[in-house]
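This report covers cavities, nonpolar cores and strand pairing. The sequence and model come first.

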Amino acid sequence: MALDIERWNLECLFNNTDHRTDLNGVDRLIVRRGQPFTVSLYLRSGSYQPGISSLDCVAETGPQPSEQYGTRARFGLSSSMDTSTWSATVTSPPGDMVALSICSSPKAPIGRYTLTLGQSEKIEFVLLFNPWCPADAVYMDNEQNLAEYVLSQDGIIFRGSSKHTIPTPWNFGQFESGILDICLRILDMNPKCLRNPGKDYSGRRNPIYVTRVLSAMVNCNDDKGVLLGKWTDGYEGGVSPLVWRGSVEILRNWDTQSCQPVRYGQCWVFAAVACSVSRALGIPCRVITNYLSAHDTNSNLVIERYVNENGELIQSREMIWNYHCWVESWMTRPDLKPDFDGWQASDPTPQEKSEGVYCCGPIPLRAIKEGELAFKYDAPFVFAEVNADVVTVMKKKDGSTSKVTTIGLVGQMISTKSVGSDSREDVTHLYKYPEGSDEEREAFKKANHLNKLLQENPDPGLHVTIKVTSDMRKGCDFDVFAVVTNNTEEEKKCRLVFGSCAVSYNGVLGGNCGFKDLLNVQLPPGAGERVPLRLNYSKYGDQVTEDNLIRLAVLLHNYSTGEAKLAMRNIVLDNPEIKVRILGEPKENRKLAAEISLQNPLPEPLDNCCFSIEGANLTGGKIISERLGCTVGPGEDAKVKIYFTPTHSGLRKLVVDFDSNKLCHVKGYRNVIIGK
């Protein structure tokens with residue numbers, strides 16, 4: 001006999017808390033697949049009788065629900081719960097209130113669902129991936145990792161250089177108001193969904209498919225994606241990528257502007273937004289930084305680099321980025337042979353097309369490490385980012401060329417935020433074997449990386465390297481050094497050209513910051529020489545970009561052999577520290593003040609100074625800004641007090657940004673423990 005339902009209670013507070021979705025709010029039902037949830041049914045007449053009462057249930061998602069596509073499931077009452085498929089059972093004793101326990105299939109498509117109970121009662125809920133469920137493809141068996149890679153709403157993205165990593169705070173904000181709906185809208189706006197919604201909604205059962213869709217949709221190059229990338233010629237019509245402190249404002253702007261792309265993004269912004277969306281949908285995800293990242297455009301695993309006779313780089317499409325960011329997502333890979341589950345790299349920054357679309361991945365990290373370049377998706381491009389060989393050629397004024405000896409390391413210090421702390425975790429070993437090891441040679445053989453296999457050790461005769469001091473702050477004058485050593489038994493006469501220029505993080509060159517040309521450097525056998533180059537703020541101050549990077553290059557010409565050797569190094573100038581002091585006892589729903597200050601390190605005044613803060617569950621999903629009404633002179637402090645009201649207890653990250661006419665987008669943060 002069918003149950004006669006009068007009304008129901010979705011028990012959102014209990015269910016959402018049990019499914020770890022309560023930070024999205026408890027005003028609607030949001031559950032994870034493969035895990036039971038409970039609905040209270042109140043009967044109009046009669047009572048529930050075990051073995052006699054019946055209830056037909058139909059769960060549907062998408063505009064064209066179909067049992068064939070897995071977007072429609074029909075099931076009735078069972079005597080016990082079956083967590084491997086859609087099922088329902090009653091957990092209360094006979095009576096006029098029925099506690100109905102429902103479980104979705106751990107392989108069900110994620111998204112918005114309508115559940116029809118009986119003839120006409122319809123309830124609505126959102127279904128997410130479930131990394132706590134062993135039968136889900138995104139299952140992760142470690143509570144600390146799940147707290148970091150799914151539940152944490154803030155993090156650290158590493159920028160700077162391989163020799164000087166700079167932690168940049170980021171507010172992922174995946175549980176802020178409205179963000180989950182925006183993430184589902186991103187899936188709905190993808191071209192595959194617009195072409196064939198039935199097939200696309202069916203594909204949403206598979207985290208491989210969803211991750212690849214996100215890799216395409218976070219950029220807007222082929223679709224109504226979230227961000228427009230820009231790396232050159234200013235940011236008219238939008239804002240510098242360094243303006244962003246988190247993903248929330250970007251996602252909300254895209255949503256409110258009718259899916260028009262937000263201007264502008266660069267690699268760490270693309271990666272951070274992809275991380276926010278992945279975590280919101282329930283896929284464990286983290287942002288990765290690869291220092292000295294190769295952009296190989298012709299898939300030959302070689303970066304051809306050209307310099308002029310002064311050792312200055314000639315701009316070309318193939319470049320080595322100072323760093324490049326992508327994401328890793330955790331999932332099984334049943335489409336590949338065994339042992340390739342776990343972290344998968346995907347890259348939402350639009351660089352090269354894959355299957356006709358600007359997207360990249362997911363590809364197992366193990367496939368990159370083992371040189372398995374035939375595996376899906378885009379293994380050759382990611383392999384080159386961390387393993388490409390670098391060949392440097394000098395183009396002379398007479399049109400001739402000659403090879404330049406240089407040590408070009410690619411794929412260094414691959415970094416991510418550590419679990420449970422703000423320190424850096426080095427994950428290079430997940431991408432590559434130790435340099436020079438037998439395992440590395442085997443991986444190169446498998447990848448047919450002939451250049452690396454044929455590489456000979458450089459001639460130790462003349463050696464050139466670049467040394468720097470530890471104190472290279474923006475606004476200061478300082479020295480950098482070319483160190484030349486003669487390891488032969490005869491005197492060497494050389495020309496040494498030592499140059500510097502501004503450079504953006506992706507390798508685009510700017511103006512000269514300092515130059516020295518020594519025509520007669522004489523090196524006795526076994527001797528060395530240390531040549532300083534002074535970098536003055538008066539010269540580099542107007543040249544460096546917001547990235548605060550300067551490229552140093554030393555070219556050493558051996559007059560007797562005609563051979564040239566090149567050493568290159570990028571240095572990053574430190575911004576001043578932002579100091580944050582919390583005034584009062586931090587408690588949820590109690591107004592707090594943050595006293596924020598920064599000392600002007602420049603030998604000139606700062607105007608139009610502005611501090612901004614944001615933080616998940618700290619600032620109400622908004623950015624709060626405070627502008628100074630005065631000029632800040634050299635050595636003086638810019639100081640403001642900003643008020644905010646935390647909404648949830650726990651460890652939270654307050655992200656701070658300082659901007660002015662001469663010192664742009666300085667980032668800082670303060671971890672705050674909010675009490676109940």
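## Cavities

The largest cavity has a volume of about 120 Å³. A cavity here is a set of points, on a 1 Å grid over the protein atoms alone, where a 1.4 Å probe fits but cannot get out. Grid points are joined across faces, edges and corners, and the volume is the space filled by probe spheres set on the points. By this rule there are 7 cavities of 30 Å³ or more.

Lining residues have an atom within 4 Å of a point. For the largest cavity they include Arg305, Tyr306, Gln315, Glu318, Gly507 and Arg551. β15 (302–307), β16 (313–314) and β17 each give two or more residues to this lining. Strands (E, at least two residues) and helices (H or I, at least four) are DSSP runs, numbered from the N terminus.

## Basis of the model

This is a predicted model: local features need pLDDT of at least 70, side-chain atom pairs count only at pLDDT 80 or more, and totals for chains, interfaces and linings use all residues. Residues are numbered from 1 along each chain as its sequence is written, and side-chain values use heavy atoms, without hydrogens and water.

## Nonpolar cores

A nonpolar core is a set of buried Ala, Val, Leu, Ile, Met, Phe, Trp, Tyr and Cys residues joined through side-chain atoms within 4.5 Å. Buried means under 20% relative accessible area (1.4 Å probe, protein chains only). The largest core holds 62 residues; Trp170, Leu227, Ile250, Trp268 and Leu281 touch the most other members. Elements that each supply at least two residues include β9 (121–128), α7 (248–256), α8 (267–281) and β17 (319–331). α8 gives the most, with 12 residues.

Ile250 is in contact (heavy atoms within 4.5 Å) with Trp170, Val226, Leu227, Trp244, Val262, Val269 and Val273, leaving aside neighbours within four places in sequence. Another core lies apart, with 54 residues, among them Ala482 and Leu663.

## Strand β9

β9 is mostly covered: 6 of its 8 residues are buried. Two strands pair if DSSP finds at least two bridges between them. β2 (30–32) runs parallel to β9 over 3 bridges, with Ile30 opposite Val126. β8 (111–117) joins β9 antiparallel through 7 bridges, and Thr114 stands opposite Glu124. In the hairpin of β8 and β9, Gly118 takes a positive phi near 70°.

## An open sheet

4 strands form an open antiparallel sheet in the order β34-β33-β36-β37. β34 (624–627) and β37 (666–674) stand at the edges with a single partner strand each, so one side of each lacks a neighbour in the sheet. β33 (610–614) pairs with β34 through 4 bridges; Ile613 partners Ile624.

Key. Buried means under 20% relative accessible area, exposed over 50%, partly exposed in between (1.4 Å probe, protein chains only). On a 1 Å grid over the protein atoms alone, a cavity is a set of points where a 1.4 Å probe fits but cannot get out, and a pocket is an open set with protein on both sides within 12 Å along at least five of seven lines; lining residues have an atom within 4 Å of a point.
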